[in-house]
Structure formats: C-alpha cells, structure tokens
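Here's a quick briefing to read alongside the model. Have the sequence and the 3D view open, and follow along from the loops to the helix pairs.

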Amino acid sequence: MDTGGNSLASGPDGVKRKVCYFYDPEVGNYYYGQGHPMKPHRIRMTHALLAHYGLLQHMQVLKPFPARDRDLCRFHADDYVSFLRSITPETQQDQIRQLKRFNVGEDCPVFDGLYSFCQTYAGGSVGGSVKLNHGLCDIAINWAGGLHHAKKCEASGFCYVNDIVLAILELLKQHERVLYVDIDIHHGDGVEEAFYATDRVMTVSFHKFGDYFPGTGHIQDIGYGSGKYYSLNVPLDDGIDDESYHLLFKPIMGKVMEIFRPGAVVLQCGADSLSGDRLGCFNLSIKGHAECVKFMRSFNVPLLLLGGGGYTIRNVARCWCYETGVALGVEVEDKMPEHEYYEYFGPDYTLHVAPSNMENKNSRQMLEEIRNDLLHNLSKLQHAPSVPFQERPPDTETPEVDEDQEDGDKRWDPDSDMDVDDDRKPIPSRVKREAVEPDTKDKDGLKGIMERGKGCEVEVDESGSTKVK
C-alpha cells in the first residue's frame, strides 16, 4: 500500500504524465431546464476543444461505466438513491413531499435522464480513482464530475450525487490518506461534511465567504474529533486576482503536502472562480486558475482532476481545455482552432481572456492573517503517523469502454496494462485501524456541522467503507 506521496515538489513541470480522461458523448445532452445556469453542454464544448487542439491523442480516452445503485449507496442513503432513480418530470407532481424532503425541485430540478446523468458523472470519478489505485495512470480527469454540494440525504446547489465523496472512498481502499482541494468559488461543503470527523481525508477549500452560497466554510471550521485540524477553510472576498490567490494557495498547499503526505490528491477545478463568471465574483485568469493544477501536479502524487461550477460556459471550456494541457505537460497555443462551437469564442477566438479591472477586496493584511492562521493550525498536526494496517476491500468494478479501442486507434501497445481492466486482481493493501474518542471540548464544533447535514454523519472505517450514524 502507498502510505504517502512526495512531500516536496519534484521534477520539471513539463515532464509527461500518463493521463486517463473520462468522457461520455451523451453528457452534453442533459438539460437542467430553460434559464438554469448549470449547462452540461459545457462538457461537450470542452471535449471539442480537446479534440481540435490534438490533446486527446496524448491521453487514454475512456467512456465511464455508469455507477450502479450500490456504488452510489456507499455514501448516499438508500431511499434518496431510490428517489433519484424513480423521479421523472411526469411523476414529480405526485411526489411533492419527497421533493421537499430531498431538496429537489428548484436549484436542483427534475429533468429527463436525471438518474442517468448522476450515474454517468459519478462513474467517471469513481473510474478515475480505480485507474489511479491500480497505477494505470498518474492523472485521471473527469470534467463532468466535481459536484461538491450534494449531501448524503439531499441534493444541493445543482448537485445530486456527490461523486467526489464516492471517488475519495474508492481511493481510501488503496491509500491511507487522501487530500481534497477545492478551488471552486463556492465552499466544498458536501465533501467537508462527509469527512469532517476523520484524519484519513484532509479537505482544503478556497472560496468566497460572507452572504454567499452555501454560507459555510468559516476559517474556524477545522474538523472534529480525530478529524480536528484536518478541515482547512480559506475564506476570500470579491475580486481576488492571481497574485493574491497564490499568496495563499502555494504556501498553504506546500505545507499541507509536507505534513499530511497524502497517497492521492483530488482537485476540484470549479471554473466559477474565473473572472467574468455568470454567478461568480472572483477575478482569476485561466492561467492563474491552472497554476493550482500545475502546482499540485508538481508533487508527483496520483491526481484526480474534476470539474465543478462554472457558468460562463465558453470560459469553462477554455479553462478545462488549458488545464488538460497542463496535466499532460503540453503547451496549448492561444489561437483557437476552428471547430463546431467556434462561434461561442468570438470575437477574439483565443483560449485566454483578460481579467477585468474589478476591485480586489482582499487586502494584503487580510491575506497574511488568513495564511498565518491556517499555517498555525497546520503546525498543530503531527507529521503523518506510522500506524497499523489491515487488508482492504475489493475494488469497485468499472469495466469502462476504451474510446481508443472503439476507434481502432493503435497508439497504445496491445500488451500494455493500460488496455486491461476487466480481469484485474485485487491489489494487496493495508489501511490503518484507529479509534479515537472525540474530545469533549470539540462537541460544539460538531453540533453545527451535523445540523447542516440534518443528522447525516459519515464515519470512515479502517477499510475505507462508510457507516451512517
């Protein structure tokens, strides 16, 4: 078992990595409804850019195997999954109580193919984790994933199934510690809540805080019990630019990697933190956003890249295309190739767009105070401990379709293990067994987070499985 990653950045950023990319051609057909800001079409636009920039030929392209009911129920409540599977636009009027109970109907509407959509995006994220666990790639990408607000028992913030939690649970079968990093403008509340009381997952969220959805993510929300200090929240104000962002991101993430030493990293790359987003209020450039990907990539730790928010869809496609190039170590030119969605990118038809001249409300003093507070909290953690281990459970089965093989593409060696996934043998692995009673003084901290989750607490046991309290 991999007990940790490199603690220091190593190797030039241009070093090539083996990358698996998950994409289902149907994903762009799902439609939240007229006027809704979440548009899965942005995933299809991203894919078109990747194809026309020639980036697909540098990756193994995989169609994800849809997540099954039992896969989703590793985190979500059985009755919630059953509801998602059965609800349709035609039947929703007969299930008003259920809609209210599961917070489905307004921000999270019922639409045609809703459950298939959830299965598809969750399948890509879990499939990426399986590939990473087997050492079949260095970086796995699922731009359709990253829906970080979904809770165990309810939908939230355009998110129905929390593919990130499911992917992390899969990684925990192989890795003792997993790091989650969230650069979406909104707080990664669903993921933080799921792992709030464990020290096996550290969550770090950089987000707008103060009268902004979902309203959580205070700097003093630090985790509970054995998870105390394993939740880091970086609250930011309007207009933050590249320089200010990395004044926090790089020192904080450098220290996290040094102290926590994760075996794998999940990076949620929500693009609503870009300048000019329809719902956002930050002022990051695409290169500034991608610098987070570049920095986390430099540690040479297995990396899962996921999508998330992003509501000015031409900029979302630009961003995730560029970040795919960063993952591959391939420089992508600014001049955009002609393709089926070319008209979206006028009048300049370039990959990069200039940030605005909006005011940056994040003063240098405020940023330094946040940085010092978070580094102080990290100093209270011991370096990654040496602990006893035990055998892990079997992998989730994900017999995804290799798009390269379907197309008859011979780039991959037929004898390569990259093309063999169905007759995998379980990897012998051990994960720690550790029971820590929460401190009495932490009970107030737990009360708030559990109230937000309506009593849905997840406990990660020594095998990487979850228990519901």
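Let's start with Asn29, which sits in the loop between strand 1 (19-22) and helix 1 (41-52). Keep in mind that this is a predicted model. The protein has 13 helices and 13 strands, and 60% of its 469 residues count as buried.

- Asn29 counts as partly exposed, because its relative accessibility is 44%.
- Asn29 and Pro40 are eleven residues apart in sequence, yet their C-alpha atoms are 7.2 Å apart in space.
- His41 belongs to helix 1, and with 16% relative accessibility it counts as buried.
- Which residues does His41 touch, leaving aside its neighbours within four places in sequence? Its contacts are Gly28, Ile313, Tyr341 and Tyr344.

**The chain as a whole**

- Look at contacts between residues at least 6 apart in sequence: 81% of them join residues at least 24 apart.

**Helix 5 against helix 6**

- Two packed helices are described by the angle between their axes and the distance between the axes.
- For helix 5 (residues 114-133) and helix 6 (residues 163-171), the angle is about 20° and the axes are 8 Å apart.
- That angle makes helix 5 roughly parallel to helix 6, since the cut-off for this label is under 35 degrees.
- The crossing of helix 5 with helix 6 is right-handed.
- On the helix 5 side, the contact is made by Tyr121, Ala122, Ser125, Val126, Ser129, Val130, Leu132 and Asn133. Helix 6 brings in Asp163, Leu166, Ala167, Glu170 and Leu171.
- Sorted by class, the contact of helix 5 with helix 6 has eight nonpolar, three polar and two charged residues.

**Helix 8 against helix 9**

- Helix 8 (residues 242-260) packs on helix 9 (residues 286-297) at an angle of about 15°, and their axes are 10 Å apart.
- So helix 8 is roughly parallel to helix 9.
- Helix 8 and helix 9 have a right-handed crossing.
- Helix 8 makes the contact through Asp242, Tyr245, His246, Phe249, Lys250, Met253, Gly254 and Met257. Its partners on helix 9 are Gly288, Glu291, Cys292, Phe295 and Met296.
- Here the contact of helix 8 with helix 9 splits into seven nonpolar, three polar and three charged residues.

- As a reminder, most residues other than glycine have a negative phi, and most peptide bonds are trans.
- Phe213 and Pro214 are joined by a cis peptide bond, with omega about 0°. Pro214 is in the loop between strand 5 (201-208) and strand 6 (231-236).
- Tyr229 is found in the loop between strand 5 and strand 6. Tyr229 isn't a glycine, but its phi is positive, at about 75°.
- Is Tyr229 buried or exposed? With 17% relative accessibility, Tyr229 counts as buried.
- Another cis peptide bond runs from Gly346 to Pro347, with omega near 5°. Pro347 lies in the loop between helix 10 (313-328) and helix 11 (364-379).
- Asn103 isn't a glycine, but it has a positive phi of about 60°. Look for Asn103 in the loop between helix 4 (96-101) and helix 5, where Asn103 is partly exposed at a relative accessible area of 39%.

How values were computed: Residues are numbered from 1 along each chain as its sequence is written. This is a predicted model: local features need pLDDT of at least 70, side-chain atom pairs count only at pLDDT 80 or more; totals for chains, interfaces and linings use all residues. Side-chain values use heavy atoms; hydrogens and water are left out. Axes are lines fitted to C-alpha atoms, for helices over the stretch in contact, and angles run from 0 to 180 degrees between N-to-C directions. Helices (H or I, at least four residues) and strands (E, at least two) are DSSP runs, numbered from the N terminus. Angles under 35 degrees count as roughly parallel, over 145 as roughly antiparallel, 65 to 115 as roughly perpendicular and the rest as oblique. A crossing is left-handed if the near helix is turned anticlockwise from the far one by less than a right angle, and right-handed if clockwise. Contact means heavy atoms within 4.5 Å. Ala, Val, Leu, Ile, Met, Phe, Trp, Tyr, Cys and Pro count as nonpolar, Asp, Glu, Lys and Arg as charged, and the others, Gly among them, as polar. Buried means under 20% relative accessible area, exposed over 50%, partly exposed in between (1.4 Å probe, protein chains only).
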